[in-house]
Amino acid sequence: ASDSVAWRAYDVKLAGLDLWLNADDATSFSLSGSDVNSWNDYNGGGGALSQGTPALKPQRVAGAVNGRAVVRFDGVDDYLQHVSAYGNHHAFVVFKVDSTDQDALEVGQLTGNYGDGVHIGLDPTVGNLQGFSFDGNSTTTATYSLDNSGNAGPTANDNGQAWGYDTYHLVYADYGSSTASTRMVLGSQLPSQTDAFGGDIAEIIIYTGDLTAPEIANIKDYLRAKYNLW
């Protein structure tokens with residue numbers, strides 16, 4: 001199985017790969033104990049997401065899903081960020097929302113930047129119960145799928161494919177074109193930090209360029225096999 005997953009990983013290295021965060025690769029991290037100082041691009045080109053304040057650092061937790069590591073956010077104020085331009089066109093994220101740590105009134109931030117109007121937010125609030133936000137404070141839309149579901153959208157906010165608590169999922173979002181953000185933020189929404197993500201992120205893969213339907217399917221299959229999803 002491990003050889004199969006390693007072979008599938010080559011399906012990720014396509015033109016337009018802008019960021020690849022792989023929590024299972026210990027060499028991608030600078031740590032203080034289990035606290036994450038920085039999380040480096042597994043592909044070597046997208047820089048590092050970092051956090052300099054000890055109280056705001058998430059933790060790397062080994063063996064959390066299918067024997068593989070994750071980065072765990074406390075749902076209060078943990079976050080990592082890299083202040084650089086990203087072109088969010090296609091995004092894949094393996095995540096789990098913690099039923100204890102994720103506040104039902106707050107939107108948890110997985111990727112992108114709320115302030116730029118392009119992100120993937122986990123929305124457990126009454127108005128979008130256990131759904132997704134893709135638009136931040138703007139009018140951005142995305143076509144998306146959760147796990148083995150078909151595509152929905154394009155939509156700015158939707159809970160037609162609702163995530164479950166304490167379960168690892170794969171969300172895929174296609175913004176239709178390379179949609180710019182000025183930074184990449186995982187965890188709390190910035191700059192206010194009024195909303196925070198409580199749970200785990202295992203892997204994030206983001207492209208600026210176009211992907212074909214077979215390429216998208218191959219990436220999903222790599223992540224499904226690696227984390228034993230659905």
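Which residues does D158 touch, not counting residues up to four places away in sequence?

## D158 and its surroundings

D158 touches N128, G131, F132 and Y144 when residues up to four places away in sequence are not counted, a contact being heavy atoms within 4.5 Å. The model is predicted, so local features need pLDDT of at least 70 and side-chain atom pairs count only at pLDDT 80 or more, whereas totals for chains, interfaces and linings use all residues. Residues are numbered from 1 along each chain as its sequence is written, and side-chain values use heavy atoms, with hydrogens and water left out.

D158 is placed in strand 14 (residues 157-158), where helices (H or I, at least four residues) and strands (E, at least two) are DSSP runs numbered from the N terminus. With a relative accessible area of 22%, D158 is partly exposed; buried means under 20%, exposed over 50%, and partly exposed in between, for a 1.4 Å probe and protein chains only. The side chains of D158 and Y144 are joined by a polar contact of 2.4 Å, that is, a pair of N or O atoms within 3.5 Å, of which, within protein, one must be able to donate a hydrogen and the other to accept it, while residues adjacent in sequence count only if both atoms are side-chain atoms. The C-alpha atoms of D158 and F132 are separated by 5.5 Å, although these residues are 26 apart along the chain.

Five salt bridges are found in the structure, each being a side-chain nitrogen of Lys or Arg within 4 Å of a carboxyl oxygen of Asp or Glu. One of them joins R68 and D24, whose closest N and O atoms are 3.0 Å apart. Because R68 belongs to strand 6 (residues 68-74) and D24 to the loop between strand 1 (17-22) and strand 2 (29-32), the pair ties together parts that are 44 residues apart in sequence. R68 is buried at 17% relative accessible area, whereas D24 is partly exposed at 27%.

D200 and R72 also meet through their side chains in a salt bridge, at 2.7 Å from N to O. This pair links D200 in strand 17 (residues 198-207) with R72 in strand 6, 128 residues apart. D200 is buried, with a relative accessible area of 1%, and R72 is partly exposed at 31%. R72, K96 and D200 are linked in a network of salt bridges.

## A pair within helix 2

D221 and R224 form a salt bridge in which the closest N and O atoms are 2.9 Å apart. Both residues lie in helix 2 (residues 213-227), three residues apart, or about one turn of the helix. D221 is partly exposed at 27% relative accessibility, and R224 is partly exposed with a relative accessible area of 25%.
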